[in-house]
Amino acid sequence: MGLLSALFGGKKPEDNQQEKQEQKNFEILKYDGIRARNMNQLDYAIRCFEQAIALREDPETLHYLSDAYIKTQRLDEARIILDKLIKAAPDDVSALITLAHTCYMQEDYGNMDLACQQAISLDEKNASAHYLAAKAAQGMGNALQAIARATQAIALDESFAAAYRFRAETLWEMKQAKEALEDIGKVLSINPDDEDALLLKGTVLAAQGQAEEAGQCADKVLEENPFNEKAYVLKGRLLAGEKAFDEAIGLYTEALELMPENAALYQERGRVRYLNEDKEGAIDDMTKALELNPDAEVEINGKFDNF
């Protein structure tokens, strides 16, 4: 048998042994990486997956590695792995969806759209691909296309709460209040505690002069999550709009006791103090907001100029 193998180019026993050892090493690294990933030890998981794919570019391991890169915000490296995965398996819709998500985080809406279109060409009934294409269209400034894509996603999955919420946000940006509220109603029928939907509803209602109903939306969010910054801002602005400045200041003070490092809340309290003719208090709050978030200097200065 050894002679025949030698004559006809068969693998040597030592070659077979080396392949078996590499396979064993690959499996050890892969499953050590999976265990580390499940325990949220992502740096160690990444090292395991990197060494595993150096031995064998297994599609499943490439998926795990790209996911770990994304979770640790190593987005450029994630895209390299995803590009490699898609080249090896161009019909892998899940890889294309992950690539679209990654492009979205990098605000690379052109390549995000390309990934979505490739996914749709492979699976035209993939609601997630249409939804992400909607977000890509919005990122590229095409609101009508964004609404059309979100509508396709909803048609494919009538329980797709995120698509309804996204369409509502886009409609509201276009000041289509009635249609936006209809979509928000759909979201809340699926998940009555959806904080983003409740706050968007409150924002729309406030713009329509329904301050009491808008405040109820903020209150409901705060009942479930007393750390929701946006709910405090919405309620505080409603109170300030009614010239209930002391009540608004008290609300922001309570919020800052829970979140003492929140620059936005200091900024909002400073705005109300200024309106309440407490210029010294307003300056103190705006100074604190700048200490916590120096990048907000232009915005804060703009607010003072407006006052």
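Are Arg273 and Asp285 buried or exposed? Hold that thought for a moment, everyone, and welcome.

We are looking at a predicted model, where local features need pLDDT of at least 70, side-chain atom pairs count only at pLDDT 80 or more, and totals for chains, interfaces and linings use all residues. Residues are numbered from 1 along each chain as its sequence is written, and side-chain values use heavy atoms, with hydrogens and water left out.

Now, salt bridges. By that I mean a side-chain nitrogen of Lys or Arg within 4 Å of a carboxyl oxygen of Asp or Glu. Searching the whole structure turns up 17 of them.

Back to my opening pair: Arg273 and Asp285 are both buried (under 20% relative accessible area; exposed is over 50%, partly exposed in between, with a 1.4 Å probe and protein chains only). Their closest N and O atoms are 3.0 Å apart.

Next, Arg35 and Asp32 form a salt bridge at 2.4 Å, N to O. Both belong to helix H2 (residues 13–38), three residues apart, about one turn of the helix. Arg35 is partly exposed, at 48% relative accessibility, and Asp32 is partly exposed too, at 24%.

Finally, Glu57 and Lys84 form a salt bridge at 3.5 Å, N to O. Glu57 lies in the loop between helix H3 (42–55) and helix H4 (59–71), while Lys84 is in helix H5 (residues 75–88), so this pair ties together parts 27 residues apart in sequence.

Technical notes. Helix = DSSP H or I, 4+ residues; strand = E, 2+ residues; numbered from the N terminus.
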